[in-house]
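This report describes a structure part by part. The sequence and the structure come first, and the description follows.

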Amino acid sequence: MGLEILNVARSFGDRVALDGVSFDVAPGVLTGLLGPNGAGKTTLLRIMLGVFNPDRGEVRYDGRPVGEETRRRWGYMPQERGLYPGMPAGDQVVHFGRLHGLSRRDATRRARGLLEELGLDDRWADRTDRLSGGMQQRLQLATALVHDPAVIVLDEPFSGLDPVAVASLSGTLQQRARGGCIVLFSSHQLDLVQDLCEDIAMVDRGRTVLQGHVATLRASSGRRQLRLHVESPNRDWLLPYADVTVVSDEADQLRLAFPPGTDPLDLLDAARSAGRVVDFGLDLPTLSQLFLAAAGRTLDPAGVR
Amino acid sequence: MGTGWQGTRLVAQRGLVENVKSRSFKVVTGLLLLLSLAGVALPQILGKNGPTTYTLATAGKAPADVVATLDAAGKTADFHVKYVSRGDQDAVRQAVRDGHATAGLAGETLYASAKAGGSFPVVVAQVVVALQTSRRLAQAGLSPQQVADLQSVRPPQQVTVGRVKDEGRAGVGFGVGIVLYVAIIFAGTAIATAVAMEKSTGISEVLLATLRPSQVLLGTVLAVGTATLVQLLVLAAPLAVAVQITDNIGLPPVAAGDIALAVAWFALGFMLYAFLFAASGALINRITEVNSAILPVTMTLIIGYVLAVTVVTSDPGSGWSVAVSMFPLTAPLAMPTRWASGEVPIYQLLLAMALTAAAALLLVSLASSIYRRALLITGHRVRLREVIGGRAVS
């Protein structure tokens, strides 16, 4: 079950956009395709949807190569809006439903249900170009979901959304995923989607650099940090821990990086013996930090984009 | 084919609905209807209605035999004669001079107007001569039968010889060329605009995730093509009705075969150029660039039309005419004109049609490839080199 991307490669002239990307997407969870701008995410999504053909490699669904008929049952929301400006909102959703093979009656029924779910039910007859940007975004989502696709692919769906819209969109997608859909979306804002996706595949320069369950990846990365506020300037208690490094040491916060073999509770005990611990916490690495480590890049001041 | 056709049909349906609902469609169709109605009504209002009427002035009452013979001639040659009598020769002369009569007959003199009259004075003169001749032949002792026999002698039938066999048919060929040219220019711009709109609004990418480019293109072309056909029918319907009812519009009589052929050429030529326009529309970045993007196609069309008109009408049988009527880009404009001249072997007609159809099919796949590549290049005008060769696509 699920979607497999197998060794997909694509070049445009001399420029290599994808250089053998492989990962799996499981149904039931939100999967993020993450990476900086220009990593090849959009090209990969377009290949999955059949907009481009790959130079090599293939996309498999339920163990079989994906053909035109299978793709017609998928839903796709591209990065750029793609709506007919002069068409009434409801008709638009019905039209795309029919393009995906629904009868007019089914398409109309589902379009009504979706617009209600997305809070657009009173906008059925309004011209699309009269809707606000946020509404058009939701309408675009409706056109991608109208035929109840088993596979939903979204290119940068969260970029440019306010926090309320992000929560609402991720809620809608979560619901589809819980219902057994495969949901894959791309993003370059790694830390924004850190809490939204359960699985990730990270790509950089056309290659997969990291993939798996977000919580597991963060917990097992070996890049956990212990954050302490100790009411004592004395750091002698750290001396027995030769493999623990001090990331930062400021007046109210000491940040320690420790290897996988070290128990952070031992460190905490050692600190408590030196002075009163006012505050403490165990920080998992952010997705940006994981990406930088996996891609072998150094942090540039603007962060990962 | 099943689902493939369904996708094309949905794209075409949507495009047609949007097209027909648009204000420009309503305005243009309304104007065409007015134009067509005017074309039918104006000749009726301005022109001469029914048979031509001539007026013959005579000194005293017109002689009965002259009246009888002239009326008989009028029946066969489709004219009607009105007779006015004047007191004397001077009065007859004055009536003709002042335009009260087309011709005047007084004694041995036939007055003809310097301004108008055409062949009527000649007809009157012939009638007078014929009557006089009959009378003298009878006086010379010939029987009425012999006189009638002599009078029935007719000059040999005159046949006009030209480069075309039938002016009426040639007119139809010429008309097809004009209509095709105008329809393609209008519809082509509409197709390029529709494709450019799909690109600039990002719909193309959503469509391409569901449909093949050929389905999208064919749907768009069919939508605009159907709308254009509706407009052509609006333009033609009043004329066709008028021809049926009054039979007096001055259109040449045309064989049904020529009309069917004209429609076939129209469909072929339309498809051929429609895909060229669609491909040009895919090259633009902003919708305002449509006009400059389609310029090469428009120029090809204009050159094709000029060639069809000048080369073919001057000599339908020349080598250049054959070449122009065979080359796919000019054939739809040139071949109907040439065919109507009546000098084209049937194999040439079929070959030209096959070549044009093949070229149209080739253009569908070429345009599809351009569409797929170009629609995903945004931010600048696409150069043809980028979409035909293996150049960069962002």
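## Domains and overall build of chain A

Chain A is divided into domain 1 (3-218) and domain 2 (225-283), with bounds that come from an automatic or database domain assignment. Between the C-alpha centres of domain 1 of chain A and domain 2 of chain A there are 43 Å. The model is predicted: local features need pLDDT of at least 70 and side-chain atom pairs count only at pLDDT 80 or more, while totals for chains, interfaces and linings use all residues. Residues are numbered from 1 along each chain as its sequence is written, and chains are lettered from A and ligands numbered from 1 in the order in which they are written.

Taken along the principal axes, the C-alpha atoms of chain A fill a box of roughly 75 × 45 × 35 Å. Chain A contains nine helices and 14 strands; helices (H or I, at least four residues) and strands (E, at least two) are DSSP runs, numbered from the N terminus. Of the 305 residues in chain A, 38% are buried. A residue is buried if 20 or more other C-beta atoms lie within 10 Å of its own, exposed if 12 or fewer, and partly exposed in between, with C-beta atoms placed from the backbone. Contacts in chain A between residues at least 6 apart in sequence join residues at least 24 apart in 71% of cases, where two residues are in contact if their C-beta atoms, placed from the backbone, lie within 7 Å.

## A buried helix in chain A

Helix H1 (residues 41-48) of chain A is largely enclosed by the rest of the structure, because eight of its eight residues are buried. These buried residues of H1(A) are Lys41(A), Thr42(A), Thr43(A), Leu44(A), Leu45(A), Arg46(A), Ile47(A) and Met48(A). After H1(A) comes Gly50(A), with a positive phi near 85°.

## Helix packing in chain A

Helix H3 (residues 89-99) of chain A packs on helix H4 (residues 104-117) of chain A at an angle of about 130°, and their axes are 8 Å apart. H3(A) is therefore oblique to H4(A). Axes are lines fitted to C-alpha atoms, for helices over the stretch in contact, and angles run from 0 to 180 degrees between N-to-C directions. Angles under 35 degrees count as roughly parallel, over 145 as roughly antiparallel, 65 to 115 as roughly perpendicular and the rest as oblique. The crossing of H3(A) with H4(A) is right-handed; a crossing is left-handed if the near helix is turned anticlockwise from the far one by less than a right angle, and right-handed if clockwise. On the H3(A) side the contact is made by Gly90(A), Val93(A), Val94(A), Gly97(A) and Arg98(A), and residues of H4(A) in it include Arg104(A), Ala107(A) and Leu114(A). By class, the residues of this contact of H3(A) with H4(A) are six nonpolar, three polar and three charged. Ala, Val, Leu, Ile, Met, Phe, Trp, Tyr, Cys and Pro count as nonpolar, Asp, Glu, Lys and Arg as charged, and the others, Gly among them, as polar.

H3(A) also packs with H5(A), at an angle of about 30° and with axes 8 Å apart. H3(A) is therefore roughly parallel to H5(A), and their crossing is right-handed. Ala89(A), Gln92(A), Val93(A) and Phe96(A) of H3(A) meet Leu139(A), Ala142(A) and Thr143(A) of H5(A) in this contact. Its residues are five nonpolar, two polar and no charged.

## Two loop residues with positive phi

Asp62(A) has a phi near 55°, a positive value in a residue other than glycine. Asp62(A) sits in the loop between strand E4 (56-61) and strand E5 (64-65) of chain A. With 11 other C-beta atoms within 10 Å, Asp62(A) is exposed.

Asp148(A) is not a glycine either, and has a positive phi of about 50°. The loop that holds Asp148(A) runs between helix H5 (133-145) and strand E7 (151-154) of chain A. Asp148(A) is partly exposed, with 17 other C-beta atoms within 10 Å.

## Chain B and its contact with chain A

The contact takes 20 residues from chain A and 17 residues from chain B. On the side of chain B that touches chain A, the elements giving two or more residues are helix H1 (2-21) and helix H8 (203-208) of chain B. That side of chain B has eight nonpolar, five polar and four charged residues.

Leu16(B) belongs to helix H1 of chain B and is partly exposed, with 19 other C-beta atoms within 10 Å. Apart from neighbours within four places in sequence, Leu16(B) is in contact with Ala223(B), Thr226(B) and Ala227(B).
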